[in-house]
Amino acid sequence: AVSVPMLINRGLQNDDLELRERMLVEAFAGGWAGPEHFDNLADMRDCLMLAAADRNDQPVLALCRAAAVALQNIRVRQGETGRFGASGEELKALRSFVEVYRDFWLRQPVSLYVAACDAMGRARAAGLYSVNVAVQR
């Protein structure tokens, strides 16, 4: 069966979704990030990594790996200081990631998003995390 493109699915919600995705990163820049900001970015990264692997999209996979490094650094720093924070380079990587995340999904069918989210959910249920989440589920 043919799947509807994400461009249509996101439709009128795109501005709200894009703002919410960007604000996840800006929470780190502003110093008010919490576990939910980290977890949402980690989930976005893992879901995109699965989809990009399915599409063999090497540039997106490289960006996902850079986002993973930034997230891992943030997680380590949070463990040491008790606060979520990001360096300038980490913010740059995460801002780029969020831009590519949006652009990638707008070009994909909804079925790919659903499949990637399902695969990520199964991995999480099995206790597999490519980037350690802040709140253990």
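**Surface, loops and rings**

Modeller: Leu19, Met23 and Trp32 make up a nonpolar patch on the surface, with about 310 Å² of accessible area together. Patches take residues with over 30% relative accessible area and no salt bridge; like charges are joined within 9 Å, and nonpolar side chains (Val, Leu, Ile, Met, Phe, Trp, Tyr) within 5 Å. A salt bridge is a side-chain nitrogen of Lys or Arg within 4 Å of a carboxyl oxygen of Asp or Glu. Areas are Shrake-Rupley with a 1.4 Å probe, and for residues only the protein chains shown count as cover.

Colleague: What should I know about the model itself?

Modeller: It is a predicted model: local features need pLDDT of at least 70, side-chain atom pairs count only at pLDDT 80 or more, and totals for chains, interfaces and linings use all residues. Residues are numbered from 1 along each chain as its sequence is written, and side-chain values use heavy atoms, leaving out hydrogens and water.

Colleague: Where is tryptophan 32 found?

Modeller: In the loop between α2 (14-30) and α3. Tryptophan 32 is partly exposed, at 47% relative accessible area. Buried is under 20%, exposed over 50%, partly exposed in between (1.4 Å probe, protein chains only).

Colleague: How many helices and strands are there?

Modeller: Six helices and zero strands in the protein chain. These are DSSP runs numbered from the N terminus: helices are H or I, at least four residues, and strands are E, at least two.

Colleague: Which phi does asparagine 56 have?

Modeller: A positive one, about 50°, although asparagine 56 is not a glycine. Asparagine 56 sits in the loop between α3 (35-55) and α4 (58-81). With 54% relative accessibility, asparagine 56 counts as exposed.

Colleague: On to rings. How many aromatic pairs?

Modeller: Six. Rings of Phe, Tyr and Trp (its six-membered ring) pair if their centres lie within 6.5 Å; planes under 30 degrees apart are stacked, over 60 edge-to-face, the rest tilted.

Colleague: Why is the pair of tyrosine 101 and tryptophan 105 edge-to-face?

Modeller: Their planes are at 75°, so the pair is edge-to-face, with the centres 6.3 Å apart. Both residues lie in helix α5 (residues 88-106), four residues apart, about one turn of the helix.

Colleague: Is tryptophan 105 buried or exposed?

Modeller: Buried, with a relative accessible area of 0%. Tryptophan 105 also pairs edge-to-face with tyrosine 113, at 5.0 Å centre to centre and 90° between the planes. Tyrosine 113 is partly exposed, at 29%.

Colleague: Which residues are in the cluster?

Modeller: Ring pairs link Phe97, Tyr101, Phe104, Trp105 and Tyr113.
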